[in-house]
Amino acid sequence: MIINRLKYIKKSLVLFLSYMKDYRVYQNASLIKKHEDVEGVHSLGLIIRLYHTIEKGLSVKERRYEFSMDHIELLQKKMMTYCGDKNEPHFLSAFKTLGIYFSIHEKIECSKRFNAQARIFENLKKKYGKTEIGGGTKSVKKVEYPNRIETIEILKKRHSIRDYDGEFLIDKQDIIRVIDLAKLCPSACNRHAIKIFYSLDKHKNSEILKYQNGSRTFRDNVPGLLIVASDLRYQEGVEERNLGYIEGGIWLMSLVNSLYLNGFGSCVLNWCVSPSHDQDFKTAFGIPEYYQISALISFGKQTEDQKVPYSIRCKSEDFIEKVEL
Ligand SMILES: Cc1cc2nc3c(=O)[nH]c(=O)nc-3n(C[C@H](O)[C@H](O)[C@H](O)COP(=O)(O)O)c2cc1C
């Protein structure tokens, strides 16, 4: 009885200390300073969030003139003082979006506050000139779906694959093709603050996977390995403290689907580890602390025939619950 109690207290304490460690990492890495004071990568994260709200405003059918002036002011201030790479696609897209914002106001009489911002934009224009990159809004057509049933049947045939053709060589271009599709997944404020660490060396993968407890039976024959991590430096404040895992999860599924559609079998591998294990792993493979690992994915060409766990699913009704008012 007493032993059980002590075990419980010990586990609770370890849990508390683990949260403290997560807290310290998040506090060090994320954007929790006053918006006025943020710089570098943090500043880019803020710029992305701000210009994306302008994009959303521009896409609203019945929008007000001079909408989001607070955001415009802060965005332009951050862009004027931004010290990072000015050719960064998001930075240029922010510039493009501002151009569209100001152009829709051209023929109307605007407030002093607006005109002051329009003058600041003229200065930005002098600095950055024209950009070919997209920004603002785009038109989308309702998708006609001739092969709906076929697509559903293909998706139903995806299974986690753990037995790979060890002779088939994967190259970096294969990964780029996979990312080309995977990156089309949704992301909060379109930030996509994600980094995919990869390795295409079977021996190295076996070493990496020694840190992962769910791959013991197949870790020596893994041709491709992805480590899906969120960049905490882009997460903002208290409210976004869990966003890294959400974004990581969305990317995981998008990568799994893209790998599948590009002809690779894959298996998500959990990263349910203690903070000290996480730290040892990052130190061993040179991954900075501000990358929050969601999970790993092993992948490769599927062998001809293999058995996979049955992995039943509950009835779809069991997953849902109506929200009552
Ligand atoms: C977050 C997550 C962690 C997982 N970890 C492991 C793992 O460590 N080892 C493994 O063999 N499979 C792992 N899987 C794969 C699951 O076992 C598998 O997705 C599940 O049984 C459903 O089967 P299916 O993917 O074939 O439909 C993981 C899946 C997810 C989503």
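In this predicted model, alanine 229 has isoleucine 293, a residue of strand 4, as its bridge partner.

In general, the strands of a sheet pair through backbone hydrogen bonds, in either a parallel or an antiparallel way. Here the sheet is open and built from 4 strands, lined up in the order 1-2-4-3 with antiparallel pairing. Strand 1 (194-199) and strand 3 (265-270) sit at the edges, each with pairing on one side only. Going from one strand to the next, the twist averages 25 degrees.

Elsewhere in the chain numbering, two helices pack against each other. Helix 3 (residues 69-80) meets helix 4 (residues 89-103) at an angle of about 135 degrees, and their axes are 12 Å apart. Angles over 145 degrees would count as roughly antiparallel and 65 to 115 as roughly perpendicular, so helix 3 and helix 4 come out as oblique to each other. Their crossing is left-handed. On the helix 3 side, the contact is made by Met69, Ile72, Leu75, Gln76 and Met79, while helix 4 brings in Phe91, Ala94, Phe95, Leu98, Tyr101 and Phe102. Sorted by class, this contact between helix 3 and helix 4 has 10 nonpolar residues, 1 polar residue and no charged ones.

Definitions and conventions
Residues numbered from 1 in each chain as written. Predicted model: local features only at pLDDT ≥ 70, side-chain atom pairs only at ≥ 80, totals over all residues. Heavy atoms only, no water. Pairing = 2+ DSSP bridges. Axes fitted to C-alpha atoms, helices over the stretch in contact; angles between N-to-C directions. Parallel < 35°, antiparallel > 145°, perpendicular 65-115°, else oblique. Left-handed = near helix turned anticlockwise from the far one by under 90°. Contact = heavy atoms within 4.5 Å. Nonpolar A, V, L, I, M, F, W, Y, C, P; charged D, E, K, R; others polar.
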